[in-house]
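Here is a friendly briefing to read alongside the model. Keep the sequence and the 3D view open as you go.

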Amino acid sequence: MEMVKAQCEIVPRHSGTPGAEKTAEWIRDIASSMHNVKVRIDSFSDDTPAGKMTFRNVIAEFPGKGKPIIIGAHYDAKKLTLTPDFQAANDGGSGVAVLLSVMKTVASQKKPFPFPIHFIFFDGEECQIDYSGNDGLHGSKKAAKDYTGKARAMILADMVGDDDWNISIPENCSPELKKIVLQAAAELNLSDSVKQGSMQVLDDHLPFFEAGIPAVNLIDFDYGPGNAYWHTGEDKLDKINPESLGKTADLILKILAIMEKTSF
Ligand SMILES: [Zn+2]
């Protein structure tokens, strides 16, 4: 919760703002303070409908053997012109907080996971106008290109912090990973809240999925009545439930444990 709150205090933080850069540095500093991890900011420029823009992915790597498992979340907020103090507590803030908390557990394990785990905090997920070739998913597209042929799997967390925690795995995810997510949920007694969905979701897992890297999105795309809080000023700290953040972190750690057991 503290890590969601800290992000909500950096407004605005949509891509290209000083707030976005400050958020990247805030993530880097927290990640760098952990044990056994190598952290860097990957800056790059990309075309957008508003011209060339600088984006920054934050990448935190835990060592291990073989290809890494990537765990991702986006930290940029949607640009809401009419809500300059937009907090993006859930759509942005929650995923980042969950990843940092999973990182803390991974960093403090007595027996580390055998495979490398790379946590990537994406910039530029949100589009300026409409998702299209040069609008949105900038950070994940860049990373998917860099990791093509070089990653074991990709797990994304997005919008995971509201009271009514229900993960609906999008249709456009890899079947072998969906199976592991459902098994992890069953082992945690969370099967009632983690389901296979039928919706196609455009999100940061997609560039990886399309690059042939097994990818899955842990998303609760039902935020407020009829998703009414999504991309509005209502997406703020008071909507976030720490238990939901905790369940998501537990789910990711269980997925990693199953991957270790089954040598995924
Ligand atoms: Zn969004």
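Is Ser-263 buried or exposed? Ser-263 is exposed, because 8 other C-beta atoms lie within 10 Å; a residue is called buried with 20 or more other C-beta atoms within 10 Å of its own, exposed with 12 or fewer, and partly exposed in between, the C-beta atoms being placed from the backbone.

Two notes before the tour. Residues are numbered from 1 along each chain as its sequence is written. This is a predicted model, in which local features need pLDDT of at least 70 and side-chain atom pairs count only at pLDDT 80 or more, while totals for chains, interfaces and linings use all residues.

**The sheet**

- Six strands form an open sheet in the order 1-2-4-3-5-8, and their pairing is mixed. Strands (E, at least two residues) and helices (H or I, at least four) are DSSP runs, numbered from the N terminus, and two strands pair if DSSP finds at least two bridges between them.
- At the edges sit strand 1 (38-48) and strand 8 (215-219), each pairing on one side only.
- From one strand to the next, the twist averages 20°.
- Five bridges link strand 5 (residues 153-158) to strand 8 in the parallel sense. Asp-158 has Ile-219 in strand 8 as its bridge partner.

**Helices on the sheet**

- Helix 7 (residues 242-261) packs on the sheet and touches strand 3, strand 5 and strand 8. The direction of helix 7 makes about 170° with that of strand 5; axes are lines fitted to C-alpha atoms, for helices over the stretch in contact, and angles run from 0 to 180 degrees between N-to-C directions.
- Helix 3 (residues 89-108) lies across strand 2 (51-62), strand 3 (69-74), strand 4 (117-122) and strand 5. Helix 3 runs at about 145° to strand 3.

**Where helix 7 meets helix 3**

- Two packed helices are described by the angle between their axes and the distance between the axes.
- For helix 3 and helix 7, the axes come within 9 Å and cross at roughly 50°. The two helices are therefore oblique to each other; angles under 35 degrees count as roughly parallel, over 145 as roughly antiparallel, 65 to 115 as roughly perpendicular and the rest as oblique.
- Helix 3 passes helix 7 in a right-handed crossing, where right-handed means that the near helix is turned clockwise from the far one by less than a right angle, and left-handed anticlockwise.
- Helix 3 contributes Ser-94, Ala-97, Val-98, Ser-101, Val-102 and Thr-105 to the contact, and helix 7 contributes Leu-245, Thr-248, Ala-249, Ile-252 and Leu-253. Residues are in contact if their C-beta atoms, placed from the backbone, lie within 7 Å.
- By class, the contact of helix 3 with helix 7 has seven nonpolar, four polar and no charged residues. Ala, Val, Leu, Ile, Met, Phe, Trp, Tyr, Cys and Pro count as nonpolar, Asp, Glu, Lys and Arg as charged, and the others, Gly among them, as polar.

**Where helix 7 meets helix 5**

- The axes of helix 5 (residues 175-187) and helix 7 come within 9 Å and cross at roughly 115°, so these helices are roughly perpendicular to each other.
- This crossing of helix 5 and helix 7 is right-handed.
- On the helix 5 side are Ile-180, Val-181, Gln-183, Ala-184, Ala-185 and Glu-187, which meet Leu-251, Lys-254, Ile-255, Ile-258 and Met-259 in helix 7.
- The contact of helix 5 with helix 7 has eight nonpolar, one polar and two charged residues.

**Helix 4 and its cover**

- Eight of the ten residues of helix 4 (residues 138-147) are buried. Among them are His-138, Lys-141, Lys-142 and Tyr-147.
- The cover over these buried residues of helix 4 includes strand 1, strand 2, strand 3, strand 4 and helix 6 (206-210).

**Backbone spots to check**

- Most residues other than glycine have a negative phi, and most peptide bonds are trans.
- Ser-263, in the segment after helix 7, has a positive phi of about 50° although it is not a glycine.
- Asn-189 has a positive phi near 60° and is found in the loop between helix 5 and strand 7 (194-196). Asn-189 counts as exposed, with 8 C-beta neighbours inside 10 Å.
- Val-11 and Pro-12 are joined by a cis peptide bond, with omega about -15°. Pro-12 lies in the loop between helix 1 (2-8) and helix 2 (18-32).

Terms used: Two residues are in contact if their C-beta atoms, placed from the backbone, lie within 7 Å.
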